[in-house]
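Visitor: I have a model open on my screen and would like to go through it with you. Could we start with the strands and see where that leads?

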Amino acid sequence: MRGLGGGDGSFGPLLTHCRIANLKDQSVSWYRRQGDEIHLITFGFQTYHNDDRFALTYVQPHDWRLRIRYVQRRDEGTYQCQVSTHPPLTLTLHLQVVEAAIQILDERGVVVKEKFYRAGSTIELQCLIADVPTATSLHLAWYRDTDRLNYDATRGGVSVKTELRGTVARSWLRVGNAVGEDSGTYYCNVTSLAATSVNIHVVPDEYPAAIQRAATTLSWVGLTLLACLASTLAHTLNSCTTCCCFSCLSSSSSSHR
């Protein structure tokens, strides 16, 4: 039996089944074994565990389910459903908690935490969840801040495509003709399990150009500085080196202006 989790150490709910027919007047109990120790979790309809994440759910006609909310790694181990017959009937389950890897990628397939888009362009994001026991059991959803994003979104121009296959789940989000109001924190949410996010900024056309110019300026000044430092190696006096570097920096700044 495998429980699935995200990257934050606390995961979604887990239900374990114990189906017993013709129970009559026998009682049903859930235990957890840790080495030679046995810890009672439930007896009949009562829960005796001191952790309120554990509870019994009985479903007609004969399913005695142990429910564990917010599964954690420390919950890994051996669990037993036992019927008070003589000798007792026991169903043994081994719980392994698997931590899934969840990431948001851009249109180039690069993992991102922050992304700039020009106004009028298309926001394209991919949510990738790997290393899950059964991807087909997952439900993925996209949000911008607290607003759910799907083809029914009042904004329009939103499309979501999800693929669940084997141990991998993918979901693609496209927001067409982006405007400033589309800026915000975008979340890929795996219902009841985990979520990850990316900060999206939609800026006017002139903003990316200004950012590009700033990056070019920094690169040009950096190259000039390297040339200056190389030239100072030909000098033997520290005072001359300092003077030369200052001269290079000053000329580069003034010539660029």
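Visitor: Which residue in strand 16 is the bridge partner of Glu163?
Guide: The bridge partner of Glu163 is Arg170 in strand 16. Strand 15 and strand 16 pair in the antiparallel sense, over eight bridges, and this is read from a predicted model.

Visitor: What about the hairpin of strand 15 and strand 16, how many residues lie between the strands?
Guide: Two residues lie between the strands of that hairpin, and Gly166 takes a positive phi near 60° there.

Visitor: How many bridges join strand 12 to strand 16?
Guide: Seven bridges join strand 12, residues 123–130, to strand 16, residues 168–175. Ile123 has Val175 as its bridge partner in strand 16, and Cys127 stands opposite Ser171 in that strand.

Visitor: Which residues of strand 16 are on its covered face, and which on the uncovered one?
Guide: Ala169, Ser171, Leu173 and Val175 form the covered face, while Val168, Arg170, Trp172 and Arg174 form the uncovered one.

Visitor: Changing topic to the largest nonpolar core, which residues touch the most other members?
Guide: That core has 25 residues, and those touching the most other members are Ile123, Leu125, Ile129, Trp142, Leu173, Tyr186 and Ile200. At least two residues each come from strand 10, strand 12, strand 13 (140–144), strand 16, strand 17 (184–190) and strand 18 (194–203), and the largest share, four residues, is supplied by strand 12. A second, separate core of 19 residues includes Leu14, Val28, Ile41 and Trp64.

Visitor: What does Ile123 touch, not counting residues up to four places away in sequence?
Guide: Its contacts include Leu173, Val175, Tyr186, Ile200 and Val202, and also Tyr117 and Asp182.

Visitor: Back to Cys127, which cysteine does it form a disulfide with?
Guide: Cys127 forms a disulfide with Cys188, their sulfur atoms being 1.9 Å apart. The torsion about the S-S bond is about -80°, so this disulfide is left-handed. The pair links distant parts of the chain, with Cys127 in strand 12 and Cys188 in strand 17, 61 residues apart.

Visitor: Are those two cysteines buried or exposed?
Guide: Cys127 is buried, with a relative accessible area of 0%, and Cys188 is buried at 0% as well.

Visitor: How many disulfides does the count come to?
Guide: The count comes to two disulfides, and the other link joins Cys18 to Cys81, with an S to S distance of 1.9 Å. Cys18 is in the loop between strand 2 and strand 3, whereas Cys81 is in strand 8, 63 residues apart. Cys18 is buried at 4% relative accessible area, and Cys81 counts as buried at 1%.

Technical notes:
Residues numbered from 1 in each chain as written. Predicted model: local features only at pLDDT ≥ 70, side-chain atom pairs only at ≥ 80, totals over all residues. Heavy atoms only, no water. Pairing = 2+ DSSP bridges. Core = buried A, V, L, I, M, F, W, Y, C linked by side-chain atoms within 4.5 Å. Buried < 20%, exposed > 50% of the residue type's maximum accessible area, 1.4 Å probe, protein only. Contact = heavy atoms within 4.5 Å. Disulfide = S-S within 2.5 Å.
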